[in-house]
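My notes follow in the order I looked things up.

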Amino acid sequence: TLYLHGVTRLDYSAWCSDIQRAAGSRGNALSDQQLSRNDIPIIVDSCIAFITQYGLRHEGIYRKNGAKSRIKLLMDEFRKDARNVKLRTGEHFIEDVTDVLKRFFREIDDPVFMMDLHLQWKEAAGELLF
């Protein structure tokens, strides 16, 4: 429990504003993302959990596109405060959630597969192909 005491209503408003601003992500770098307990960006953790639970039986879930307006709304919610986004079946469509996940990885500033490990990734992929 956190107890904040302010002298005036203005103090309270300032605290609320600062806390809400700190809760949101501040950019597209991995270091700017709100993380889960396992140090995974919450947007990734939430989307994968939703897809695993409700989408694995859908054909072409990463190929089919969701609605742009719903995707933008969901991305904005995650950026504003990822911890308070609750993905629910009936309220969110699997195609929208997969598009949000793809969009997050496309827009992130830090590459998931780092360039200094590129040769090792190629070697590992080559071993799997032959």
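**Notebook: a first look**

I started at Asp-99. Leaving out residues up to four places away in sequence, Asp-99 touches Lys-64, Asn-65, Gly-66 and Ile-71; contact means heavy atoms within 4.5 Å.

Before going on, I noted the ground rules. This is a predicted model, where local features need pLDDT of at least 70 and side-chain atom pairs count only at pLDDT 80 or more, while totals for chains, interfaces and linings use all residues. Residues are numbered from 1 along each chain as its sequence is written, and side-chain values use heavy atoms, with hydrogens and water left out.

Where does Asp-99 sit? I found Asp-99 in helix H4, residues 94-107. Helices here are DSSP runs of H or I with at least four residues, strands are runs of E with at least two, and both are numbered from the N terminus. Asp-99 counts as buried because its relative accessibility is 10%. The cut-offs are under 20% relative accessible area for buried, over 50% for exposed, and partly exposed in between, with a 1.4 Å probe and protein chains only. I also looked up a polar contact: the side chain of Asp-99 pairs with that of Lys-102 at 3.1 Å. Such a contact is a pair of N or O atoms within 3.5 Å; within protein, one must be able to donate a hydrogen and the other to accept it, and residues adjacent in sequence count only if both atoms are side-chain atoms.

**The whole chain**

I counted 5 helices and 0 strands. Of the 130 residues, 26% count as buried. Among contacts between residues at least 6 apart in sequence, 71% join residues at least 24 apart.

**The core**

Which residues touch the most other members of the largest nonpolar core? In this core of 20 residues, they are Ile-43, Cys-47, Leu-74, Phe-78, Leu-87, Val-97 and Val-100. A nonpolar core is a set of buried Ala, Val, Leu, Ile, Met, Phe, Trp, Tyr and Cys residues joined through side-chain atoms within 4.5 Å. Helix H2 (42-54), helix H3 (68-81) and H4 each supply at least two residues of this core. H2 gives the most, with 6 residues. In soluble globular proteins, nonpolar side chains tend to be buried together.

I then followed two of these residues. Ile-43 is in helix H2, and counts as buried because its relative accessibility is 6%. Beyond its neighbours within four places in sequence, Ile-43 is in contact with Met-75, Phe-78, Val-100 and Phe-104. The C-alpha atoms of Ile-43 and Ala-82 are 6.4 Å apart, though 39 residues separate them along the chain. With residues up to four places away set aside, Leu-74 touches Val-85, Leu-87, His-92, Val-97 and Val-100.

**Two loop residues**

Is Ala-67 buried or partly exposed? I placed Ala-67 in the loop between H2 and H3. Ala-67 counts as partly exposed because its relative accessibility is 23%. The C-alpha atoms of Ala-67 and Glu-95, 28 residues apart along the chain, are separated by 8.0 Å.

Last, I checked Asp-39, in the loop between helix H1 (9-23) and H2. Asp-39 is exposed, because its relative accessible area is 58%. Its phi is near 60 degrees, a positive value in a residue other than glycine.
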